[in-house]
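Subject: Structure for you to look at

Hello,

Here is the structure I promised to pass on.

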Amino acid sequence: MELSLEIFVLLFFVAGLAGFIDAIAGGGGLLTVPALLSVGIPPAQVLATNKLQSSFGSFSASLYFVRNGLVKLSEMRLAIACTFIGSALGALLVQHIDAGILTSLIPVLLIFVSLYFLLSPNVGKPQGEPKLSEAMFAFAVGTSIGFYDGFFGPGTGSLFTICFVAIAKFGLVEATARTKVLNFTSNIAALIFFIIAGLPLWKLGLVMAAGGFIGARLGAHIVINKGQKFIRPMVIIMSMIMAVKLLWEQHPQWFQLGF
């Protein structure tokens, strides 16, 4: 489909802002998906093009964190492998099974994430021993959240972050860095299947990818320099916004006057 230069420029900046937000707290898709839909792109191509552009943003943030020593890929090999497999399975199965139960559960989980970060005074500071071994964390968390990202997607970053904080006992900055590595992994796994199906709009996706790459690099810089004082409120806000958006889509009657 033909799009004007103005739309390309607008979506470049939307992707930049989304990449910035995504690198800090997740939820950038709340901006890019509606923006893509608003210019008349079919939903299947919207999802594929969004995965294309968001892969560059998550790669940019991951690379920045790795280069600055916040995360070592050698320590995450098993989690990366499990997340990739989980996301690939999710992208395959979403074509054949009902997503209703999962989509109804996610707003509840996102509200829990926001309340956890809001009400826990010491959240984000390393606290004690991990509740699961590295291998068990990779299998349980990497596979399940990777599956969710390939299957549905919204809130993936928030879910990874709370697992790294509450289960693996990382500080919030380190948790955010590891989250982006697994985000990138799940994005790539799902994107492969979209490419095989011929769905991404490459020209638009790559223009948005450039914006997302720049925005994510700036967001990652904020994470390292501002730390948990900046990340914590962003995670709370984005988790609540995503939860409300999903509930609105699933139960619009709840938001009508007279409810």
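About 30 Å³ of space lies in the largest cavity of this predicted model; a cavity is a set of points on a 1 Å grid over the protein atoms alone where a 1.4 Å probe fits but cannot get out. Volume here is the space filled by probe spheres set on the points, which are joined across faces, edges and corners. The structure has 1 cavity of 30 Å³ or more.

The model is predicted, so local features need pLDDT of at least 70 and side-chain atom pairs pLDDT 80 or more, while totals for chains, interfaces and linings use all residues. Residues are numbered from 1 along each chain as its sequence is written, and side-chain values use heavy atoms, without hydrogens and water.

Lining residues have an atom within 4 Å of a point. Those of the largest cavity include D22, G157, T176 and K180. Helix 8 (172-196) gives the most, with 4 residues; helix 1 (5-24) and helix 7 (156-166) each supply at least two. Helices are DSSP runs (H or I, at least four residues), numbered from the N terminus. By class, this lining has 3 nonpolar, 6 polar and 2 charged residues, with Asp, Glu, Lys and Arg as charged, Ala, Val, Leu, Ile, Met, Phe, Trp, Tyr, Cys and Pro as nonpolar, and the others, Gly among them, as polar.

The second largest pocket holds about 280 Å³; a pocket is an open set with protein on both sides within 12 Å along at least five of seven lines. Among its 14 lining residues, E75, E134, F164, F170 and R178 are the closest to its centre. Its lining counts 10 nonpolar, 1 polar and 3 charged residues.

Regards
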